Amino acid sequence: MIIAFVGLRLDVTGLKLLQPELNDYVIILYYLVVLFAGVYWTKQLKIKTNGNYWLIAGTLTANLIIVQLSLQYAGILNPLNVVAAAFISWHLFLFEGVRVGDDVSGIPRVSVLMPTYNSANTIEASLDSLLMQDYSDFEVIVIDDGSTDATRSVVERYQANHPQMALTYVYQANADQLDALMNGLELVTGAVTYILHSDDLLYNERVLTGGVEALQHIGVAGVFPDFEVVDNHLARIKVNRVKPFVGGKSTIVKTGLQFGRNPYSDFAFWRTNIFRQQVASNYLANNMVAWYDFEQNVPLNMVNLNIIGFKYRIHEGNYLNSTDGSVNVLSGELRTLTHVLARHRIPAFKLQSLVFRAFNKFKLDSLIPVISFSGQTEPAEIVEQVIKLRVPEINHPYLRTILDFFRNRNNQKQAELVVPEDLRIFRGGEIRLFNRQLASVRCQISIIN
């Protein structure tokens, strides 16, 4: 906004020099009209401001230039306006120039994936929130991850009572919600994919419509809605506003500086082909942040919906409140962290991380530049610091093994490993199954010196 305010001050000064008979109130009124026109113009052209105030400022100052030219005040154009106009042109060229994914113009079908486990008491309300949508073309795919309560009968009764809803129910042996989502993805037929957990609810009847409209921007891969955190009785606890997404290398590095934690959200509307090609690998298979294409080391092009999309229910049965859930989340954060460190050399990591996390607590992290180069950052001390911060007593065999690995890692040594053909290899998204098998057998960990 600095560009807008400084530019406004200089332009007012210029107008006074050319038109001394104008008083300040007339000039201010003139610029308010121009600013409101700029906001409307920005909205109508669907420019991807994405909550980026620098981009909004550039858009409005570019609009001021157009108005000034039309009023034959070209002689007072100041350099700041020119820079702002160049900035918005560059941004639109870079981020709006290529269409990605499936065609979501018109009224594309939305596929809602709903993983569930022992949610007989909550899943009907989740389905009701879908039934109330003013968007007509959607399907719901419920993947039951081995429920032992009445979840199946509740869903089957709902199918019978609401035949107008395209509702599919599938059952699998208990594995994990990421595994359930991967299986449900095989049944998706829509051009847009969205995940809604069976204890959460869409916020109002316009959510699907808003998500689809946002995805119709050229070049957008996914859309983050905000969400309301509620208790088991749906009473509001707080509203989580997803911070404005800013693409580029700095976003990846900042994710590493906060130890692999997702700075945005796991919940988004996705173009289905992007979901299949990138998200299924990033998030479902490898248990990392969904918007980070770790193979290409680039973020996907995301935008913010800037409306509350759903109610996120907090209760004792939450996945994150379980022992498995907390270890699995930490595993995903460590995987994200080590991938970032393997692709970026971040000097003075501890200092940069400390400063960034301090500013992040006050939601001022966008003000902090980060310093990084091509290369790698030594992960051993950082990984140990993260594990000790998250888990005071490291008794879990999986976490102990990670610590031992990084403490004894030596890139100068080589060892030949023979992997039996019948040995199952677990991917990041199968961490829950891995931990169960790890707990059921006696393992011997050997370190090669």
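**View 1. F267 and Y312 are both buried.** Here, buried means under 20% relative accessible area, exposed means over 50%, and partly exposed is in between (1.4 Å probe, protein chains only). For Y312, the relative accessible area is 15%. The ring centres of F267 and Y312 sit 6.0 Å apart with planes at 55 degrees, so this pair is tilted. Rings of Phe, Tyr and Trp (its six-membered ring) pair if their centres lie within 6.5 Å; planes under 30 degrees apart are stacked, over 60 edge-to-face, and the rest tilted. F267 is in the loop between α9 (249–257) and β8 (269–271), while Y312 is in strand β11, so the pair ties together parts 45 residues apart in sequence.

A quick note on the model: it's predicted, so local features need pLDDT of at least 70 and side-chain atom pairs count only at pLDDT 80 or more, while totals for chains, interfaces and linings use all residues. Residues are numbered from 1 along each chain as its sequence is written, and side-chain values use heavy atoms, leaving out hydrogens and water.

**View 2. Ring pairs in the model: the count is 14 aromatic pairs.** Take F227 and Y312: their ring centres are 5.9 Å apart and their planes at 65 degrees, so they meet edge-to-face. F227 belongs to strand β6 (residues 222–230) and Y312 to strand β11 (residues 302–313), so the pair ties together parts 85 residues apart in sequence. Helices (H or I, at least four residues) and strands (E, at least two) are DSSP runs, numbered from the N terminus. F227 counts as buried, at 10% relative accessibility.

**View 3. Ring pairs link F224, F245, Y264, W291 and Y292 into a cluster.**
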